[in-house]
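Q: I would like to go through this model with you, beginning with the loops and then turning to the helices. Could you keep the answers plain?

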Amino acid sequence: MKKLPKSVTVFGRIIPIHNLSSDKIKELYPDFQQAAPLGLWDSSRRVIIINKDFPVIDQAYTLKHEMGHAMMTFIGLDLIIDPSLQEILVQSMATLMEDVLNQARILK
């Protein structure tokens, strides 16, 4: 992947992707916990933010992770599952998506 798409579809909803610098992310999301986050799911604006200061391979993995957060929002799991467990689940989903995509490339 040379660069990220402008949007992705999660459960039938088109989600815009904003590729921003660390400084811009900190400016827009001052309460975000990490000093230089790789990305985040803004559930109120329904947008995925990806940090463009990291290599594209990391951005692509982060996109899959944030898509997991979007999915949790759309089905309501974010309201009933502890945030630390949500992180484990979306990280696992992102890794599974990577595995599936890599195997699909091999099988072509």
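Q: To begin, where does Phe-11 lie?

A: Phe-11 lies in the loop between strand S1 (7-10) and strand S2 (13-20). Strands (E, at least two residues) and helices (H or I, at least four) are DSSP runs, numbered from the N terminus. This is a predicted model, in which local features need pLDDT of at least 70 and side-chain atom pairs count only at pLDDT 80 or more, while totals for chains, interfaces and linings use all residues. Residues are numbered from 1 along each chain as its sequence is written, and side-chain values use heavy atoms, with hydrogens and water left out.

Q: What is phi of Phe-11 near?

A: Phi of Phe-11 is near 50 degrees, a positive value in a residue other than glycine. Most residues other than glycine have a negative phi.

Q: Is Phe-11 buried or exposed?

A: Phe-11 counts as exposed because its relative accessibility is 52%. Buried means under 20% relative accessible area, exposed over 50%, and partly exposed in between (1.4 Å probe, protein chains only).

Q: And where is the place of Arg-46?

A: Arg-46 is in the loop between strand S3 (39-42) and strand S4 (47-51). Phi of Arg-46 is also positive, near 55 degrees, and Arg-46 is partly exposed, with a relative accessible area of 37%.

Q: Now the helices: at what angle do the axes of H2 and H3 cross?

A: The axes of H2 (residues 56-75) and H3 (residues 83-107) cross at roughly 125 degrees and come within 8 Å. That angle makes H2 oblique to H3. Axes are lines fitted to C-alpha atoms, for helices over the stretch in contact, and angles run from 0 to 180 degrees between N-to-C directions. Angles under 35 degrees count as roughly parallel, over 145 as roughly antiparallel, 65 to 115 as roughly perpendicular and the rest as oblique.

Q: Which residues of H2 meet H3?

A: On the H2 side they are Tyr-61, Lys-64, His-65, Gly-68, His-69, Met-71 and Met-72; their partners in H3 include Gln-86, Leu-89, Val-90, Ala-94 and Leu-101. Contact means heavy atoms within 4.5 Å. The residues of this contact of H2 with H3 divide into nine nonpolar, six polar and three charged. Here Ala, Val, Leu, Ile, Met, Phe, Trp, Tyr, Cys and Pro count as nonpolar, Asp, Glu, Lys and Arg as charged, and the others, Gly among them, as polar.

Q: Which residues of H3 are buried?

A: They are Gln-86, Val-90 and Ala-94, and H2 is included in what covers them. Ala-94 counts as buried because its relative accessibility is 0%.

Q: What is Ala-94 in contact with, leaving aside its neighbours within four places in sequence?

A: Ala-94 is then in contact with Tyr-61, Lys-64 and His-65.

Q: What follows H2?

A: Gly-76 follows H2, and its phi is positive, near 85 degrees.
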